[in-house]
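Please keep the sequence and the model in view while reading.

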Amino acid sequence: MPRINADTLAEHREETWSRLRESFLEAMQEVGYAALSLADVARRAGIARNTIYNYAPDKAALLLAVVKSAVEPFVASLVEESARESDPEERLALIVRRTVASFAPDAHGLPLLNAPDELLPNEVGTALGACFAPVLRVIEQLVEQGVGLGVFRPIADVRRAVDMMTGVMTSVRRAVVSGQPVDLIAAETTEFLLGALRRPARAAPRAPRTKR
């Protein structure tokens, strides 16, 4: 087995985890979750199989660890970036663009978002939901902000509205994974969601009819 050079034990562990994570993602892409084995992942990473157990007790736990290592930094970056936008519509548009882009097949580090739901354990969906919870809180806040500013229509239940928006994004993910253009899908999704939230414009009064 190739030796991993590192100055400290922590660096050695992090480098080993990086190799393990990349090997797992590679195996996922090539053979799928159901067919991959820990022995294959270890072989690809150039480590002993028993080393994997220092990071996860089994294949499902390793999958969850890889999901979190990919999604959590993305979510933290998205929350930080959206905080720089003060306009609720612009904040929502930013979140939609970044999230839709993460669904693209070539989005490095987030390929597990593209795996068909039926091929992954139920725990993954739960883990993804937990990872994206900070983004959902931001969306709740921006919806409340938009309502307060009079930009969005009154919303009886903001959390329910955000759940509906999450359902839309699930459909959007399928569209992107199927090969539809990311930029087009992002633009259409943004307009659809904002159209559902915006306060309807008042119709101009009709001019009285003149008698002939």
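Which residues does Glu89 touch, not counting residues up to four places away in sequence? The model in which this is examined is a predicted one.

## Glu89 and its surroundings

Not counting residues up to four places away in sequence, Glu89 touches Val151, Phe152, Leu194 and Arg198. One of these, Arg198, also takes part in a polar contact: its side chain and the side chain of Glu89 meet at 3.0 Å.

Glu89 belongs to helix α5. Its relative accessible area is 18%, and the cut-off for a buried residue is under 20%; Glu89 is therefore buried.

## The chain as a whole

The protein chain holds nine helices and zero strands. Read from the N terminus on, its elements follow the order α-α-α-α-α-α-α-α-α.

Of the 212 residues in the protein chain, 40% are buried. The chain exposes about 12,800 Å², and carbon and sulfur atoms supply 53% of that area. Among contacts with a separation of 6 or more, 65% are between residues 24 or more positions apart.

## Arg98, also in helix α5

Helix α5 spans residues 88-102 and includes Arg98. Is Arg98 buried or partly exposed? Its relative accessibility is 23%, so Arg98 counts as partly exposed.

When neighbours within four places in sequence are left aside, Arg98 is in contact with Phe74, Ser77, Leu78 and Glu81. Between the C-alpha atoms of Arg98 and Val75 the separation is 9.9 Å, and these two residues are 23 residues apart along the chain.

Ser23 lies in helix α1, which covers residues 9-31. With a relative accessibility of 7%, Ser23 counts as buried. A polar atom of the Ser23 side chain is 2.8 Å from the backbone oxygen of Arg19.

After α2 comes Gly46, which has a positive phi, near 75°.

## The pairing of α8 and α9

How do helix α8 and helix α9 cross, and at roughly what angle? The axes of α8 (residues 158-177) and α9 (residues 182-197) come within 11 Å and cross at roughly 165°. Because of this angle, α8 is roughly antiparallel to α9. Their crossing is right-handed.

On the α8 side, the residues that meet α9 are Met165, Val168, Met169, Val172, Ala175 and Val176. Their counterparts in α9 are Val182, Ile185, Thr189, Phe192, Leu193 and Leu197. An α-helix has 3.6 residues a turn, so residues three or four places apart point the same way.

Notes. Residues numbered from 1 in each chain as written. Predicted model: local features only at pLDDT ≥ 70, side-chain atom pairs only at ≥ 80, totals over all residues. Heavy atoms only, no water. Helix = DSSP H or I, 4+ residues; strand = E, 2+ residues; numbered from the N terminus. Buried < 20%, exposed > 50% of the residue type's maximum accessible area, 1.4 Å probe, protein only. Polar contact = N/O pair within 3.5 Å; in protein donor to acceptor, adjacent residues only side chain to side chain. Contact = heavy atoms within 4.5 Å. Areas by Shrake-Rupley, 256 points an atom, 1.4 Å probe, with all protein chains shown as cover. Axes fitted to C-alpha atoms, helices over the stretch in contact; angles between N-to-C directions. Parallel < 35°, antiparallel > 145°, perpendicular 65-115°, else oblique. Left-handed = near helix turned anticlockwise from the far one by under 90°.
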